[in-house]
Each structure stands twice: as structure tokens, then as C-alpha cells.
Amino acid sequence: MSENSKDNSEKPQSGSIPWAYIYASVLIFTVIVVVLLYTFSQFYSG
Amino acid sequence: MHPVDWSIVIVYLAYVIWHGLKLSRGTTDTEGFFLAGRSIPWWAVGLSVMATQMSAITLIGTTGQAYEDGMRFIQFYFGLPLAMIILCVTAVPLFYRARVFTAYEYLEQRFDAKTRTLTSFFFLLSRGLGVGVIIAAPAVVLSIVLGWNELVTIFVIGLSTTLYTMLGGVQSVTWTDVKQMVIILAGLSLCVFVIITNLPAGVSFSDAMNVAGAAGKLQTIDFSFDLNERYTIWSGMIAALFLFLSYFGCDQSQVQRYLTARSVDEGRISLLMSAFLKIPMQFLFLLVGILVFVFYLFSAPPMIFNEEDVTRAAAVQPIEHERLQGEFADAHQLRHLAALRFIDEQDTTERITARAGYIAANEAYQDKRREATEFVRQTNGDSSFSDVNYVFPVFVIENMPRGLVGLIVAAILAAAMSSVAAELNALATASTMDFYRRHINVNSSEKQMLRFGRLSTLVWGVFACIVATFATNLGSLIEVVNTFGSFFYGSLLGVFVLAFAVPRAKSAGAFYGLLFGIVSVWIASSTTDIAFLWFNVVGCLVTVAAGYLISIVR
């Protein structure tokens, strides 16, 4: 194993990033995108 | 192609190879060759993850599918964001902290060597054949559309990718992926811009979407629950979720991407990048296909986009071909006029009539196209014939301006090469770490492993080219390879579910559970008509259930 990787492994891994909020924002974003797609298809149904 | 387009393609190929080779200089140990010393920033890993997933056939197939079938395909990606979150919570930290080179190495830590070897073997088998198909599919299309020699195209794609992957390892693969993603997105964005700015006078973007929508091309969501229907919101949210969990969490070609990240957090962010961008990006690809559909409402499309096959059929039955060609041209003309009337009509009542007339004209046009497709199938004796993958390349070659043609062809090559490079790198890693170091030369030195890694990249690259030459002639081989992959994917996911989430699972349960899973998918595929996406659910659930029961009993 190289020195480089050893250094990386000792970096602080988690704790400072609010993962729960990020995951929730991914899901909310996905729901918004799906709703927008549905609205788009309905709006342009001719 | 015009010399300007040729220059763009040649400059692209030369730059990618030169850049890949340049990055090979710092690669001196196995961790550098296979994992880039875990030093790649999250955004580069994220782009590499997306580039690896998007092969050339995804690029041209998706646009062609939108032209033919509309935007329904986008539902396939609805399960991807949730899959990424699940993997960020489970697989990424476990793999990263286990300090493994391959996903299958983790299975030895959790179960035993036999489970690791079996899963890695299945990966090598399915991906080794699959990478040949990844090369073959665009080579066939480009050789027919551009008149390139098929064999030369295969070896240009295959060997140039093998060269920089062999010398530079994952470092070269990742950084060339980044450039290739930029080329792909730039090419398609420009394509959208050119089509929109070249719509006929009096036809706005809104009009274009209205005619596409009236023809049913913009239907994005299908709420019906039908296991035999390939793309519904349920197959996208449930069945595709299993597929993405398996692909991003258990397939070495993707696991290796995020193992190169600087930390667990950066690995997670790289996957979440796909979660955010994949659906909008796929929408862009499908929008290109929709715009091609609109373009051909106002200018004459080819009856069949694969000119080689239709010419062959026409030579056998020239009178029938001429009749179809004439009727098809008439159907197009009627649809053209109906679309213009629909767009121009402002009065509400008259507009409803014009809309109905346009829909009927479009149906009649589609019927003629289906009749023409059937004619080619029957005359050439090829029941699986479809020209969907030829729609976008033919449109680009015949209608896009100089320069953009070269950029799009470079983008198609880039999509193929980025996937091939990641696959070759993953195949070499699994061969070296799961077989050479584990079984053949247990006490191998860094130098020996690095040499074997490079040699195995070369061997897999040549093997892929050979498979590709057969795949171009044997349509059924592509089907066999894809079917085999779907047999294996869900079951492999089941083994990892046992490893991550079932503390009582034992090695015998994982090993035999995997075999049970594969057999169950084979039975499901031979006795039912369920869409292939659901095989992943079947394989995973049977593997987990069988693995759990065997673990309890033994």
C-alpha cells in the first residue's frame, strides 16, 4: 500500500457532512423532477 | 464525412490516446494502477461513473428509442437516485474501509475464498463477453452509416482504448472519461440547439413539443402495473432499483470508480452526482430523439434508416420495395400537411379537428413504417431487424452542419471508449487481485502484479475485439450476452445483501444462494414473459431467501 493511500485513509471520514439532509434533498429533487416531467408531458399533450 | 469532420475525429482520438499515455508516467505500483492511489477528486469520479454507464449504444439507442417510442424510457432511471443513497449508506463505506481492490475481495472477508472466486468468475465471464458487445454495436452502426470498414472500426475503438488503459491504469481511464463526458454533453447540447434554431419558419419550440405530444411521444409516465411491460413507473422504481443497486454496488467496473475517490465522503458525493444529474441528462438525450422526430415531420425521412439492409431487401423484391416507398412518401406528405394545419389552426374547435387529423395521419405513417420494417425482416430473413440505432447517426450525417458531424461522431466514439476502458480496467483488476494474487502467485511482488495487470488488460482488450468481430455477425450472441448478464446481476446483488444486511448469513448460504438465484432467473425467463428488469428482483430475492435458509440449516 502506498504512502499516499495511507495518508488518505487517515483523513476524517464522516461527521462534518449532514448526510441525512443531503439524502433527503436528493429524494426531494427526484420527486420534483418526476412531477416536472409529468407536468411537461401533460402540458404538451397537444 | 467532410475533411473538417474527419479532422475533429482524428484530433479527438489522438488527444485521448496522448492524454491517457501522459497520465501513465506516475503509475508505478498496484494501488496507483488499480485505484489511482485513492487520489481522484469527487467530481472526476462522478463524471467517470456516468461515462462508464453510458456506452455508445446507450447514446444512439436512447435517441433512436425516443424517435420511435417517445420518452417512456426515462422511467427506467427513476430508481437510480434511491439506489445511490442506499449504496452511499452501505457499500461505499464498507468497501472503502475494507481497503479492497475488488468488490468480490470483500466477500472473502465476509464469507470465504470460494464465494469471492465464484462471483469474480461470473463477473469476468459476463463482462468479458459484454465488453465485446459494447465495441461491436457502435462499430456496426458507424460502418454502415459512414461506410467505414467494420473490422477497422472495431480495432480502432478496442485497441486505442486498450493502449491507454494498459499503460495508465485507472488514472488514465478516469481522466479520459472526464474529457469524454464533456465531448458527449457538448455534442448533444449543440445538436439540440441546431435543431431548434433550424425548425421551419412559423414553427416554434412550443409548436414542436405540441406535435410531438399529440403523437404520444412525450408520455413520460405510465402508471399501469404490468410485469410484461418493460417501462412503467413501477418497473423503474422497483425493478430498475435492483438493477442499479447491482450495477453500481456489485459490478467491479463501477465499484472501482468510487474506490479511487480520496475518502468515503468523496466516494459518496461522486455517486450522488449521478443521482442528481442522470435523469436530467437522460431527458436531454431523449429530447434529441424527440426533436429528430419533429424534424422529420417537415422534411422527408428515410423509410428505413439502415440503408444497407433495405438495399439488400430491395434487390430481392424491387417491385414490392418501390410500392412501399411510394406509399411511405405519400403517408409522409399527408402527415406533413396535417402537422402544419394543426400548428396553424388557432380556432379551438377547428384545432381539435386538426389534431385528430394529424394523429390519424401519424398513425398511417407509422403503419407504413412498420410495414416497411416487416418487409425488410421477411425479405432478409432477419426476424430481429430494427433500425432504431441508426436513426440518430443517419440524421446527424445527413442534416447537421460541418464540424458538428465530426463532434457527434467523436461523442459516439467517446461513449464507447469510456465504457470499454472502465470495463477493461475492472477485468484486469479482478483477474489480478481475485485470481493471480489469490490463487496463482500468492506471494507476488508489486512489480509482478503490475506487470500482470497490464498484461491482462491487453489480453482482455484483444479478447473483446475478437468477441466484437463475432458479435457483429451473430445477432443472437448479443442477446445471449445480455441475457446472461441479467441472469447474474440480481443474484450477485443477493449475495451482497446477505453480506451487508444478514448477520446470520454464512459462506455456504452465500455460495449456494447465488447458484439458486441464477437458476431461478433462468426458470423465470424460460417459463414467463416478464420484462427482463424484473429478473433482477427475482434473482436477488431468491438468493437472499435461499442463502438465509441454507445458513440456518447448516
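Axes here are lines fitted to C-alpha atoms, for helices over the stretch in contact, with angles from 0 to 180 degrees between N-to-C directions. And helices are DSSP runs of H or I, at least four residues, numbered from the N terminus.

Quick housekeeping: this is a predicted model, where local features need pLDDT of at least 70 and side-chain atom pairs count only at 80 or more, while totals for chains, interfaces and linings use all residues. Residues are numbered from 1 along each chain as its sequence is written, and chains are lettered from A and ligands numbered from 1 in the order in which they are written.

Back to helix 5 of chain B: its residues that meet helix 13 of chain B include Leu80(B), Met84(B) and Cys88(B), and among those on the helix 13 side are Leu271(B), Ala275(B) and Lys278(B). Contact means C-beta atoms, placed from the backbone, within 7 Å. By class, that's nine nonpolar, one polar and two charged residues. Nonpolar covers Ala, Val, Leu, Ile, Met, Phe, Trp, Tyr, Cys and Pro, charged is Asp, Glu, Lys and Arg, and the others, Gly among them, are polar.

Next, helix 3 (residues 42-53) of chain B. Its axis and that of helix 13 (residues 264-298) of chain B come within 8 Å and cross at roughly 50°, so these two are oblique to each other. The contact has nine nonpolar, three polar and two charged residues, with Trp42(B) and Val49(B) among those from helix 3 of chain B.

What about helix 9 of chain B? Its axis and that of helix 13 of chain B come within 10 Å and cross at roughly 30°, so the pair is roughly parallel.

Now, where does helix 9 of chain B bend? At Gly169(B), by about 125°, where the bend is the angle between axes fitted to the seven residues ending there and the seven starting there.

Last, the two chains: 24 residues of chain A are in contact with 29 residues of chain B. Helix 2 of chain A gives the most to chain A's side, with twelve residues. That side divides into 13 nonpolar, ten polar and one charged.

How values were computed. Angles under 35 degrees count as roughly parallel, over 145 as roughly antiparallel, 65 to 115 as roughly perpendicular and the rest as oblique.
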